[in-house]
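Please look over the sequence and the 3D structure shown here, and keep both in view while reading the report that follows.

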Amino acid sequence: ILSVIVDDNIVWPNGMAVDYADGFLYWTDAHWGVIERSDLWGKGRRVLIQSHVAYVYGLTLLNQYLYWTDWDSHTVGRANKNTGGRRSVVLDDFYGTGITAVNTRKQIDVTACSSKNGGCSHLCLAKPQNKRTCACPDNFVFADANRTQCQAPDPYLLFAMSSSKTKGYVRRTDLQRNAGVQTV
């Protein structure tokens, strides 16, 4: 289901950024030459930047700053995300449109799989409420009752055979245990 968040006095919303921590949505409108923000539901809308931005295009957010590309002035600009103040040009001679901030210091969520692979020998699958499930790769089997340690299957032979002119089989035999022939 699509919900309208903002539809009044908006023409070319090119860039968009979401501030999950503070609960704000930011966007650029190249037609009006503005950068605006509202809460995540479109309430409390206000213009942050409206002068000296000709054709704002891409938009991203990093810590306390918004960064945007300006297709007309070929720059990347920066301003405070709350006030629009402390504006500066961080890159001149920029001939791109898209921009993405990458925060290398942001802590990644910790899950039950984060430390020592959750005690799983091969695959740890994170679940809600800091739980996990161990899994084994294809053709491997659990080697313990706790279902945390996987082991490779014993060596076996696969072979095709026919017991009559109308019925064929693919079968296997376990080489380690000599468990006999099994139909696959």
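This is a predicted model: local features need pLDDT of at least 70, side-chain atom pairs count only at pLDDT 80 or more; totals for chains, interfaces and linings use all residues.

The side chain of Asp93 is joined to the side chain of Tyr95 by a polar contact of 3.5 Å. Asp93 and Ser73 are 20 residues apart along the chain, and their C-alpha atoms are separated by 8.2 Å.

## The largest nonpolar core

In soluble globular proteins, nonpolar side chains tend to be buried together. The largest nonpolar core here has 12 residues in all, made up of Ala17, Tyr26, Ile35, Leu48, Ile49, Val53, Val56, Leu59, Leu61, Leu66, Trp68 and Ala79. Strand S4 (46-49), strand S5 (56-62) and strand S6 (65-70) are the elements that give two or more residues to this core, and the largest share, 3 residues, comes from S5.

When its neighbours within four places in sequence are left aside, Leu61 is in contact with Ala17, Val18, Asp19, Leu66, Lys81 and Ala101.

## Aromatic pairs

A pair of aromatic rings is described by the distance of the centres and the angle of the planes. The structure holds 5 aromatic pairs, and one of them is the stacked pair of Tyr55 and Tyr57, with 6.2 Å centre to centre and 15 degrees between the planes. Tyr55 also forms an edge-to-face pair with Trp71, at 5.0 Å centre to centre and 70 degrees between the planes. Tyr55 lies in the loop between S4 and S5, while Trp71 lies in the loop between S6 and strand S7 (75-80), so this pair ties together parts that are 16 residues apart in sequence.

Trp12, Tyr55, Tyr57 and Trp71 form one aromatic cluster.

## Charges over rings

Aromatic rings also take part in another kind of arrangement, in which a charged end is placed over a ring. The charged end of Arg37 sits over the ring of Phe24, 3.7 Å from the centre of that ring, and the charged end of Arg78 sits over the ring of Tyr65, 3.7 Å from its centre.

Note on methods
Residues are numbered from 1 along each chain as its sequence is written. Side-chain values use heavy atoms; hydrogens and water are left out. A nonpolar core is a set of buried Ala, Val, Leu, Ile, Met, Phe, Trp, Tyr and Cys residues joined through side-chain atoms within 4.5 Å. Buried means under 20% relative accessible area, exposed over 50%, partly exposed in between (1.4 Å probe, protein chains only). Helices (H or I, at least four residues) and strands (E, at least two) are DSSP runs, numbered from the N terminus. Contact means heavy atoms within 4.5 Å. Rings of Phe, Tyr and Trp (its six-membered ring) pair if their centres lie within 6.5 Å; planes under 30 degrees apart count as stacked, over 60 as edge-to-face and the rest as tilted. A charge sits over a ring if NZ of Lys or CZ of Arg is within 6 Å of the ring centre and within 35 degrees of the ring normal. A polar contact is a pair of N or O atoms within 3.5 Å; within protein, one must be able to donate a hydrogen and the other to accept it, and residues adjacent in sequence count only if both atoms are side-chain atoms.
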